[in-house]
Every structure is written in C-alpha cells, then in structure tokens.
Amino acid sequence: MESVPAATCAVCGLSDNLLRCARCHSSYYCSRQHQKQDWKQHKTTCTTDLQHQQDPQELQPPQSSSEEVIHGARNEVFTSGAELRTPTERALKSARRATPISGENIVRPRAAGFKDFPVSAGPPFSHKNRDLALDEMCRNVIRDMDAYGVCVVDHFLGEERGKKVLSEVLDMYTKGIFKDGQLVSSNGRQDLKTIRGDQITWIDGREQYCSHVGQLISQVDALIMRANKMQDNGKLGNYNINGRTKAMVACYPGSGSHYVKHVDNPNRDGRCITAIYYLNLDWDVRRSGGLLRIFPEGWRDDKVADIEPIFDRLLFFWSDRRNPHEVQPAFYTRYAITLWYFDAHEREQACRLYEKERNKTELMK
C-alpha cells in the first residue's frame with residue numbers, strides 16, 4: 001500500500017506541530033508568523049467551507065482587512081485575448097500554482113486488462129461516419145493532453161443516454177450503497193471529512209442495475225484505447241495502456257463537502273490517466289460550488305484549469321504529480337464517475353514492489 005506524503009509547513013517545510021488553515025483545511029503552518037507571511041499568496045486559493053465549525057487549535061487567516069478575508073478565495077484573473085475555441089482552452093484561468101498536500105484514493109484495479117464491452121449508440125458513436133468522428137475526438141484528446149495535460153469533452157453521450165446513466169446513479173445512491181471516501185493512510189489525528197467529503201461506490205459496469213453506466217465505461221475505453229494506439233499520438237505514446245480500475249461513482253452531498261488539493265498517483269502506482277464523467281443537470285458553479293480546480297505543475301503564467309462539473313462532460317488529465325487538483329466546496333448534491341487507466345510497465349513495477357514488501361512483512365511476523 002502506497003504511503004501518503006506527510007504534511008509540511010507551506011513556508012519552511014517543517015513537519016512537526018503543524019496547524020491547519022481553518023478556512024480551506026488545505027495549507028499547514030508551523031506558526032502563526034509563517035501563516036501571515038504566506039497569506040498574500042495563499043489567499044488566492046483559500047476556499048471557505050460555509051458549514052465548517054471552528055476548531056480552536058486551527059489557524060485563522062490573518063485579519064489584514066475585512067475585504068481580504070471575505071473575498072480572499074475569489075481573486076481570479078480570467079484568460080484574456082482572442083475568443084478561445086475549445087472547452088479545454090475555455091477552462092484555463094490564471095492563478096497561483098499549488099502543490100499536492102494529500103494522498104491518492106484507495107482503488108482496486110482489474111486483475112486482467114480491458115473486457116470487450118458492447119459499444120452502443122451515442123456521440124460520437126452514433127455518427128454515420130463513426131470511425132471518422134471517433135478519430136477526430138481522439139486527435140483532440142491527444143492535442144489537449146500534449147498542450148495542457150488536461151482535456152475537456154462536452155456532450156459525450158448525448159442528453160438521452162446521459163440521463164439514463166444519471167438515473168442509475170441516483171437509484172444506487174437511494175439504495176444506500178455509497179460509503180464515505182477513504183485515504184490510503186491516516187494518522188488518526190485529523191477528521192477525514194476535512195480532507196474529503198464525498199461518498200463513493202465501486203462498480204464493474206456489468207451489474208444488472210447499471211447497464212447504462214457499463215455502456216459509458218465502454219465508450220470511454222474505446223476513446224482511450226484508440227487514442228493510445230494511433231500514430232502521432234504525442235505523450236499518450238509514452239504509455240502502454242492495458243488496464244484500468246473499476247468505475248468509482250462519487251457523490252458530494254452538498255453542505256460544503258469538498259476534497260482538498262491532492263494528487264491521484266504521487267507514488268507511481270501505475271495510474272497514468274484520470275477520466276471523470278459529470279452528471280449534474282443545470283449546474284451553476286457560482287451558486288452550487290463544486291468546481292474542480294487543477295494546478296498543472298510547470299505551466300508558465302501560473303495557469304490553472306477550472307472545470308465546472310456540468311452534465312455530460314468528460315474530463316481527462318494526467319494522474320501523476322503533474323496535476324494536483326481539488327474539489328471546492330459543493331453546496332448541492334454533485335455526482336461524478338471516475339476511471340483510472342494504467343500504464344502496463346509502471347503497474348507491473350508497482351505490483352512487484354508491493355509483493356516484495358508484503359513478503360518482507362510476512363517474514364517479520
């Protein structure tokens with residue numbers, strides 16, 4: 001089991017006797033002096049959980065001015081210039097670069113590789129020139145992943161099929177099969193809800209109660225596998241994608257539920273691409289919150305990608321340390337389905353290391 005990087009002071013890097021920002025629960029400091037020193041930068045990404053009850057041991061943002069405290073999390077500079085052409089380009093904003101501060105999710109990959117799910121009708125699969133439409137979508141994914149490390153695909157299934165997937169997810173949630181999201185490890189001193197507030201369930205896609213979710217999975221598989229095998233496939237060509245996780249269906253139940261900045265795969269567990277499909281009808285991020293903010297490392301101008309979790313939107317991004325990201329507080333119920341795709345070589349190395357560590361533990365007993 002992979003370890004989670006320890007929290008450290010955002011200013012000096014110390015890891016002892018840390019206190020946490022009481023607003024966003026994301027940044028740690030060894031003293032109030034260091035928090036005040038960092039506030040000018042931290043205020044651009046500090047988010048307020050409106051349901052949060054103050055912990056007397058947590059730090060408060062320094063009261064330099066009332067306007068700064070109230071609006072510190074709202075300072076965004078939108079990309080200017082010519083009209084942006086693609087959903088990915090429209091998602092780009094300017095903001096302070098962030099670093100990961102929490103671990104990846106616990107996931108269980110398939111023992112084998114991909115299965116042959118039947119590909120059903122739905123954009124681009126319903127197009128009369130299906131192969132040409134799918135090739136064009138693949139080229140868009142390759143282009144955006146090369147340029148940004150992020151790709152947004154809108155209207156992926158179409159309204160009718162997207163609503164059928166949503167209906168199955170709502171039925172699963174009503175039946176009570178969702179459980180609180182977990183972390184790889186925890187020191188027991190921190191309330192898990194301050195890190196992630198989602199509820200999740202893992203599904204294979206072949207269950208009788210989620211046939212439409214299974215069709216969604218098959219279409220995402222078809223897109224990723226086709227792009228991975230195309231010629232001139234850019235950075236995707238660096239990976240041999242031959243497996244993925246089950247689908248993680250997640251619900252953020254409102255009331256300020258969120259997930260602090262983290263990296264899906266900081267420790268080379270094999271995951272190379274994160275794919276997220278959103279199911280939220282008539283979602284207004286200004287009223288409902290729940291924005292996914294990605295902080296791609298190494299970008300010039302400190303750009304971020306702000307992804308609104310709108311209905312029938314599919315998102316891809318690199319799973320490793322290149323893309324720290326957070327789910328900002330959601331004030332209405334927010335649904336998403338996530339898949340992680342594995343690079344065969346990195347996954348094999350991770351499994352070999354895990355087996356070696358497990359054998360060592362057994363010998364020590």
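In this predicted model, a search of the whole structure identifies four aromatic pairs. One of these is formed by Tyr 173 and Tyr 335, whose ring centres lie 5.9 Å apart and whose planes meet at 80°, so the arrangement is edge-to-face. Because Tyr 173 belongs to helix H5 and Tyr 335 to strand S16, the pair ties together parts of the chain that are 162 residues apart in sequence. Tyr 173 has a relative accessible area of 25% and is partly exposed, whereas Tyr 335, at 9%, counts as buried. Together with Phe 178, Tyr 173 and Tyr 335 make up one aromatic cluster.

Trp 202 and Trp 340 also have their rings paired, with centres 6.1 Å apart and planes at 40°, so this pair is classed as tilted. With a relative accessible area of 27%, Trp 202 is partly exposed; Trp 340, at 1%, is buried.

Aromatic rings are also approached by charged groups. The charged end of Arg 271 is positioned over the ring of Trp 340, at 5.2 Å from the ring centre. For Arg 287, the charged end sits over the ring of Tyr 332, and the distance to the centre is 5.0 Å.

Arg 271 additionally takes part in strand pairing, where it stands opposite Phe 342 of S16. Strands S11 and S16 run antiparallel and are joined by seven bridges. S11 also pairs with S14, likewise in the antiparallel sense, over five bridges. In that pairing, Ile 276 stands opposite Leu 315 of S14. S11 is mostly covered, eight of its eight residues being buried.

The largest nonpolar core contains 43 residues, of which Phe 156, Val 220 and Phe 316 touch the most other members. Two or more residues are contributed by each of helix H4 (130-147), strand S5 (150-154), helix H5 (159-174), helix H6 (211-229), strand S9 (247-253), strand S11 (271-278), strand S14 (313-318) and strand S16 (333-343). H6 provides the largest share of this core, with seven residues. In general, nonpolar side chains in soluble globular proteins tend to be buried together.

When residues up to four places away in sequence are not counted, Phe 316 touches Val 141, Met 145, Gly 149, Val 150, Cys 151, Val 153, Val 220, Leu 223, Ile 224, Ile 273, Thr 274 and Ala 275.

At the level of the whole protein chain, eight helices and 16 strands are present. The chain has 365 residues, and 51% of them are buried. Among contacts with a separation of 6 or more, 80% are between residues 24 or more positions apart. The accessible surface amounts to about 18,100 Å², and carbon and sulfur atoms account for 48% of this area.

Definitions and conventions: Residues are numbered from 1 along each chain as its sequence is written. This is a predicted model: local features need pLDDT of at least 70, side-chain atom pairs count only at pLDDT 80 or more; totals for chains, interfaces and linings use all residues. Side-chain values use heavy atoms; hydrogens and water are left out. A nonpolar core is a set of buried Ala, Val, Leu, Ile, Met, Phe, Trp, Tyr and Cys residues joined through side-chain atoms within 4.5 Å. Buried means under 20% relative accessible area, exposed over 50%, partly exposed in between (1.4 Å probe, protein chains only). Helices (H or I, at least four residues) and strands (E, at least two) are DSSP runs, numbered from the N terminus. Contact means heavy atoms within 4.5 Å. Accessible areas come from the Shrake-Rupley method with a 1.4 Å probe; for residues, only the protein chains shown count as cover. Rings of Phe, Tyr and Trp (its six-membered ring) pair if their centres lie within 6.5 Å; planes under 30 degrees apart count as stacked, over 60 as edge-to-face and the rest as tilted. A charge sits over a ring if NZ of Lys or CZ of Arg is within 6 Å of the ring centre and within 35 degrees of the ring normal. Two strands pair if DSSP finds at least two bridges between them.
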